[in-house]
Amino acid sequence: MRSKSCVVLAVCMLLVIVQAEVFDISDFGAKQDAEISKALNDAWADACAASEPSQVVIPKGRFRLNVVEFKGPCKEPIEVKLDGTLIGPEDPVVIPKGVQWITFSYVTGLTLSGSGTVDGVGAAMAWALNDPKSTVKKRSSLQYNLSFNFVKDSLITGITSKDSKNFHVNLMTCTNVTFDDFHVTAPADSPNTDGIHIGWSKNITIKNSVMKTGDDCVSVGDGCQDLHIEGVKCGPGHGISVGSLGRNKGEKPVVRVYVKNCTFSSTENGVRIKTWPDSQPGEVSEMHFEDLKMDKVDNPVIIEQEYCPHAKCKTNNPSKVKVHNVFIKNVKGTSNTPEVVKLRCSKANNGCENVHISDINLTYDGDQGPAIQECHNVNPVYDGQLVPKGCHQTASSN
């Protein structure tokens, strides 16, 4: 029912846009190779105020864009059709502090479509500021290519996000948003360039998309529910991650995440759940990882409840994030490490519970020993054919 409703939504929205009133930015003074913030703002303002469905058109060509916010609510459904290339400022300081590069906020019935590209030119200056190994003076915040805040009943399709300074896409407090045929591209060594980060949102679908980046292909923050990821090709990158969770007070549960029919190629992780040690209370429930292909992945399946990217964590205190009802089914392919499944759960009473693993065929071809499943503080429920065999020891015997 979920996928059918998304298709109906997309078809209905596109049928409405066929009859839309067109607002081409060229008619508002936009010129190729020139900065177009004013033209784009003016075209959006008129389209958003229109009493019938409208379409803002960014034609083929290259346009420089310092910053823009597409802010609603709009009177009728609205499409931004991007066929050209939008090029961001090389220096992050050009964008005011606390402001993102391209933002959609408080819009219902949005379609962002076309064959175009948003290019954040992160390699020019920003990545050096974001690299933890860099000696360059750090900037407190770098901008996302695309931000969606309080957006509902919307579709993003066809476009490419390239070389973002920070996350490529950030969704916050959004409902019923679909990414279909969406592309992310950045080098494997680009820092903190998550493909799509989602927080405090529900009924989000990401499908038939390609994520090539330097961090998580998709990262899921707290407060998310009913997230569907299907037909995504991930790599390079850090995989699809739920978390990290438990670092801040008041985090809301993550419930019902479905990752299905996805491919991971030369990624650091496949599917991952990560929580901080010495954490605030939290909950992760109803995780479904199914029909996944791994090709030379470092950690094909991993639950890490002592996630600590620096040396300041209090690892002696367990994570208090409860991870339960996790279903891992039909995962096949190759691993770069012998621990093809890593379940490193918290010592706390509310660590990992009800973890189901079935039909695993993950191989390791290296000199570090045979492929194994690693289990700490968890007793998985196994079913089907298992290559390698399931864990035979509990945490107490480990």
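I searched the whole structure for disulfides, taking as a disulfide any pair of cysteine sulfur atoms within 2.5 Å, and the search found five. The model is a predicted one, in which local features need pLDDT of at least 70 and side-chain atom pairs count only at pLDDT 80 or more, while totals for chains, interfaces and linings use all residues. Residues are numbered from 1 along each chain as its sequence is written, and side-chain values use heavy atoms, with hydrogens and water left out.

**Entry on the pairing**

I counted the bonded cysteines along the chain and noted that the disulfides follow the pattern 1-2, 3-4, 5-6, 7-8, 9-10. I then asked which cysteine has the sulfur nearest to that of C224, a residue in no disulfide. The nearest is C174, whose sulfur is 9.8 Å away. C224 is buried, with a relative accessible area of 1%, where I use buried for under 20% relative accessible area, exposed for over 50% and partly exposed for what lies in between, with a 1.4 Å probe and protein chains only. For C262, the closest cysteine sulfur is in C234 at 8.4 Å, which is too far for a bond; C262 also counts as buried, at 1% relative accessibility.

**Entry on C48 and C74**

I looked up the disulfide of C48 and C74 and found their sulfur atoms 2.1 Å apart. The angle about the S-S bond is -105°, and the link is left-handed. C48 lies in helix α2 (residues 37–49) and C74 in the loop between β4 and β5, so this pair ties together parts that are 26 residues apart in sequence. For these labels, helices (H or I, at least four residues) and strands (E, at least two) are DSSP runs, numbered from the N terminus. Both ends are buried, C48 with a relative accessible area of 9% and C74 with 16%.

**Entry on two further disulfides**

C345 and C352 form a disulfide with their sulfur atoms 2.0 Å apart, and with -90° about the S-S bond the link is left-handed. I noted C345 as buried at 7% relative accessibility and C352 as buried at 10%.

Is the link of C375 and C391 left-handed or right-handed? With 85° about the S-S bond, the link is right-handed, and the sulfur atoms are 2.0 Å apart. The pair links distant parts of the chain, with C375 in strand β31 (residues 372–376) and C391 in the segment after β32 (381–387), 16 residues apart. C375 and C391 are both buried.

E76 lies in the loop between β4 (68–71) and β5 (78–82) and is partly exposed, with a relative accessible area of 31%.

**Entry on V218**

Last, I looked up V218, which is found in strand β19 (residues 218–220) and counts as buried at 0% relative accessibility. V218 and I240 are 22 residues apart in sequence, and their C-alpha atoms are 4.9 Å apart in space.
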